[in-house]
Amino acid sequence: MTKIKDKLPKNPFSNIAISLSGGGFRATAFHLGVISYLSEIKFSDITLLERTRILSTVSAGTFTGVKYVSTLKNGGTIKDCYKSLYAFMCNCDLVSESLQYLSDNENWKGVKRRTLINAFASIYHREFESENFGLLYDEKNSIHLKEISFNATEFNFALPFRFQKTEKSTLDQDRDFYVGNKKIHIPLEVAKEIRLADIIAASSCFPFGFEPINFPDDFIHDDAIKMKDSSLLPNFSDNGDKIHYPIGLMDGSIDDNQGVDAVVMAEERMKHYPAELQAFSSDDEKTVDLYIISDASPPKMENYTRSIIDKIPVIGTWNFKSLRLFGVLSAISGISAIIYAFYTTIRVSIIGLSIFGTLGLLTAFILLVFSLGLTGLTRRLGVPEFVVKRMLHFDKLKLGTLYNMLLNRRKSSMTLVSDVFIKHMRWFSYERVYGDSAWRPRLIMNAAFEFTEDEVEKRRKKYPYFNPEILEPGDQIIKTATKANEMGTKLWFTTEELEGAKNMPDTLIACGQFTMCFSLLEYIEKYIKNKKYQRNYKKYSAEIKNAIDELENELLKDWKKFKTNPYWMVNEWKESR
């Protein structure tokens, strides 16, 4: 028997939420595969993509989300979005063009500061997306998405910063339309002038690779009239905290790499939709019948391995006293060579001794400066004497030992920020929904790593009651998924990755497609038709049951085709472009 809240949705597959994770172009292409597949599969004659009401994107997932939304708002289709995004990923040398833009003085005569993130944002605007955020509020083309959130993180109150388009609700009229968070509310009239390219930059501005992009300074452009008027921006939060401008914004994955919070908040708003919007929300425990979390992040991280090998040749066994000794010897050698040059009459010897003496003195200067050790260097930086005295102990260590200490700190710090912290936030975000029994039978975790050999074997043992057809993905799918997961987190494809019929972009898109197909089948097996939920399933009308059966049959047909050729849908879409 199921728990009170742990029950199937009344109208499965009717209203859907999707969030797209970060992960560089690996994620962008994978998510493109996900939404392209959802556009092909139907429930009661309406595609699952058209049934999607909430879209939340983070980091590189925002490339896919922004392009899809802007394409629909301009009257285009999913195939137009597919064509545009595919061309951008494959044809635009993003890094080279951005660096060229950064180096050209002519590009920096306006308001924007000369930074790497602003250079990338300018290329996004020129080569990928030229529309403004106000497009989302254009009533000319109504779209199936009602709650849209492109997520970043702000460095003022350390909170998520959401570039969101919401619908009216009866919950709190004052918060129906705003960009930001509970502390910082950017008025809609100002937000409409923000370029979508700058939103992509803010959402995907990952640490170490970029500096923060600042609002409003870095968002101002020639056509931004209201954004230039500082009087329109709030100076204090609702509880009186001072808002200091400009506001630094960085990658949304810092706080929530899956965009789960934005979906949870949107679902709460949907509960309070007015009558004219009721068709876009479900009268159930949750107003969303299915939540698909598309995650392109790798499940594991490389084990931390400390550096123990002396990687500094020759001088690895030296310490700061050794530097002083060799510095003195270099000085003596240099001075001796220069003195001797004055007494010789051979022209070649004079030139050679002068060069040798100069190099000796230069080497001596460098060695003697560094021979001051950490104690001498830190004292000149104004470090308190209490600390300086204790640095003497480090000065006695070998340079190789100090090198390893610095290397291990750098490596562990990078791992902490880029892997440990992100994964911790990942599972914390998942707990928001997986820890809620009302959400649990409405969740699909569509992960790029589903078909690594470890995951396949784990699934065989955990779900032996599954249809054998979906438990055994076959060698072709495993091979394709393995290749897709080999790509790192980066905003480019190498020349080698773009070559061949089974290139990396096609591989990632195919992985998104067959993984989404599998995840839907798994959801039906795990929840809809599971004996645990038999009482709920029996309550479905014959019409709903038939629609579920038709959906399952179509998914199984596609799944068999994917097992034979993982690229079959990619090839079909390529022919139709």
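**Salt bridges and their setting**

Reply: Lysine 286 counts as buried, at 8% relative accessibility (buried is under 20% relative accessible area, exposed over 50%, partly exposed in between, with a 1.4 Å probe and protein chains only). The model is predicted: local features need pLDDT of at least 70 and side-chain atom pairs pLDDT 80 or more, while totals for chains, interfaces and linings use all residues. Residues are numbered from 1 along each chain as its sequence is written, and side-chain values use heavy atoms, leaving out hydrogens and water.

The salt-bridge partner of lysine 286 is aspartate 436, with 3.1 Å between the closest N and O atoms (a salt bridge is a side-chain nitrogen of Lys or Arg within 4 Å of a carboxyl oxygen of Asp or Glu). This pair links distant parts of the chain, 150 residues apart: lysine 286 is in the loop between helix 8 (260-270) and strand 11 (290-295), and aspartate 436 in the loop between helix 14 (399-434) and strand 12 (443-447). Helices (H or I, at least four residues) and strands (E, at least two) are DSSP runs numbered from the N terminus. Aspartate 436 is partly exposed, at 21% relative accessible area.

The structure holds 23 salt bridges. One of them joins lysine 271 to glutamate 268, at 3.3 Å from N to O. Lysine 271 is partly exposed at 37%, and glutamate 268 is partly exposed at 33%.

Another pairs aspartate 549 with lysine 529, the closest N and O atoms lying 2.7 Å apart. Aspartate 549 belongs to helix 20 (residues 542-564), while lysine 529 is in the loop between helix 18 and helix 19 (534-538), 20 residues apart. Both ends are partly exposed, aspartate 549 at 28% and lysine 529 at 35%.

As for the nonpolar side chains, the largest nonpolar core has 130 residues, and Tyr124, Phe133, Phe163 and Leu520 have the most contacts inside it. Such a core is a set of buried Ala, Val, Leu, Ile, Met, Phe, Trp, Tyr and Cys residues joined through side-chain atoms within 4.5 Å. Helix 18 (residues 504-528) gives the most to this core, with 15 residues. Apart from it lies another core of 19 residues, including Val260, Val264, Tyr291 and Phe449.
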